[in-house]
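Here are my notes on this one, as numbered points. Have the model open while you go through them.

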Amino acid sequence: MRIGLIGYGAMAAALRPLLEAEGAAVAAVLARPGSIDRIAAALPAGTLVTADPAAFAAAAPDVAVECAGHAGLRQHGPACLAAGLDLVIASVGALADPATEADLRAAARTGGRLVIPAGALAGLDALAAARHGGLESVRYVSRKAPRAWRGTAAQDLIDLDSIVEPTIFFEGNAREAALAFPQNANVVAAAALAGIGFTRTEVTLMADPDAAGNRHLLEAKGAFGDLSVAVLARPLAANPKTSYLAPLSLARAILNLGARVVV
Ligand SMILES: NC(=O)C1=CN([C@@H]2O[C@H](COP(=O)(O)OP(=O)(O)OC[C@H]3O[C@@H](n4cnc5c(N)ncnc54)[C@H](OP(=O)(O)O)[C@@H]3O)[C@@H](O)[C@H]2O)C=CC1
Ligand SMILES: O=C([O-])CC(=O)C(=O)O
């Protein structure tokens, strides 16, 4: 498979060796103009690194993969889909904005497929299946170290440097969480889309000075029974907000697009 990456930060850099280990290759990277030289230096010589969406599409990757944050997905997602490229996205929380969700869904209706992986969260297979039998409630709880919340709205809500115990700084629904915490609450959006939607999915976010990693808890009730799934995920060294499980999940979604047997 030839992969086109949109954005090349911590997630994409962790994803690339996973793809290469399975025989796939990064054919092109769509980047911001000021980052082209830095990214090109990190990639094999000859890899197209461009700020021009037309040049990116002309490289004709088998699949485009967004790792560029909410703004990057809004900027490039609809055009990639409209150009016929299947698009696997990391920044699922951007779909909490109704206009962005509508743009992406409209482009996917006639263009490439929009693929939403579980990311750093577990249990989305069961949640999406359970939806067909009827779901009563879905709840998500995130618990990360204070350093994972630095540079986010959390630092305006609590003093991240002085907390001595797990401290809740946000309770609300998935739409509010995904829009207010674009670097940390993408899994919330994936759970909302798999389950009972952005308004009914309940979210709690907390900082924990003793956190050994990024904890994600998903709970659901419905006709199927009860679900409770917890992940303690290792953060990426290059970005403590992002769990290693997220690029692993992207790799699975990407490779499944090219597989004859899908697991
Ligand atoms: N679904 C999930 O489980 C998870 C999803 N995420 C999502 O994945 C995103 C990426 O995570 P991560 O790599 O750790 O974050 P980083 O901050 O390390 O990297 C983000 C990269 O996106 C680039 N970028 C920003 N805007 C654009 C644009 N318009 N066009 C092209 N590139 C752009 C930045 O480029 P530059 O170098 O120019 O600044 C930067 O390199 C997060 O922002 C979040 O939305 C994150 C964690 C888990
Ligand atoms: O990687 C994680 O732990 C989850 C995350 O940041 C997100 O959902 O945006």
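1. Let me start with the five-stranded sheet, which is open, has mixed pairing and runs in the order β8-β9-β7-β10-β11. Strands here are DSSP runs of E with at least two residues, helices are runs of H or I with at least four, and both are numbered from the N terminus. Two strands count as paired if DSSP finds at least two bridges between them. At the edges sit β8 (167-173) and β11 (225-233), each pairing on one side only. On average, neighbouring strands in this sheet are turned by 10° against each other, direction ignored. Axes are lines fitted to C-alpha atoms (for helices, over the stretch in contact), and angles run from 0 to 180 degrees between N-to-C directions.

2. A word on provenance: this is a predicted model, where local features need pLDDT of at least 70 and side-chain atom pairs count only at pLDDT 80 or more, while totals for chains, interfaces and linings use all residues. Residues are numbered from 1 along each chain as its sequence is written, chains are lettered from A and ligands numbered from 1 in the order written, and side-chain values use heavy atoms, with hydrogens and water left out.

3. Staying with that sheet, β7 (residues 135-144) and β9 (residues 201-207) pair in the parallel sense over seven bridges. K144 stands opposite A207 in β9. K144 turns up again among the residues surrounding ligand 2.

4. The other sheet is open too, with six strands in parallel pairing, ordered β3-β2-β1-β4-β5-β6. Its edges are β3 (48-50) and β6 (114-115); each has a single partner strand, so one side of each is left without a neighbour in the sheet. Strand β5 (residues 87-89) runs parallel to β6, joined by two bridges, and V88 stands opposite V115 in β6. Helix α4 (residues 69-82) packs on the sheet and touches β1 (2-6), β2 (25-30), β4 (63-66), β5 and β6, its direction making about 165° with that of β5. Contact here means heavy atoms within 4.5 Å.

5. How is the protein divided? Domain 1 is 2-117 + 245-257 and domain 2 is 124-241, with bounds from an automatic or database domain assignment. Their C-alpha centres lie 24 Å apart. The contact takes 19 residues from domain 1 and 13 residues from domain 2.

6. Ligand 1 is surrounded by 27 residues, the closest being M11, R32, S35, R38 and S91 (a residue is near a molecule if one of its heavy atoms lies within 4 Å of it). One of its nitrogen atoms is 2.8 Å from an N or O atom in the side chain of Q75, and an oxygen atom of ligand 1 is 3.0 Å from a polar backbone atom of A120. The protein covers 83% of the 920 Å² of accessible area that ligand 1 has on its own, by the Shrake-Rupley method with a 1.4 Å probe.

7. Around ligand 2 you'll find, among others, A120, H216, K241 and S243. An oxygen atom of ligand 2 is 2.8 Å from an N or O atom in the side chain of N186. Taken alone, ligand 2 exposes 270 Å², and the protein buries 95% of that.

Methods:
A polar contact is a pair of N or O atoms within 3.5 Å; within protein, one must be able to donate a hydrogen and the other to accept it, and residues adjacent in sequence count only if both atoms are side-chain atoms.
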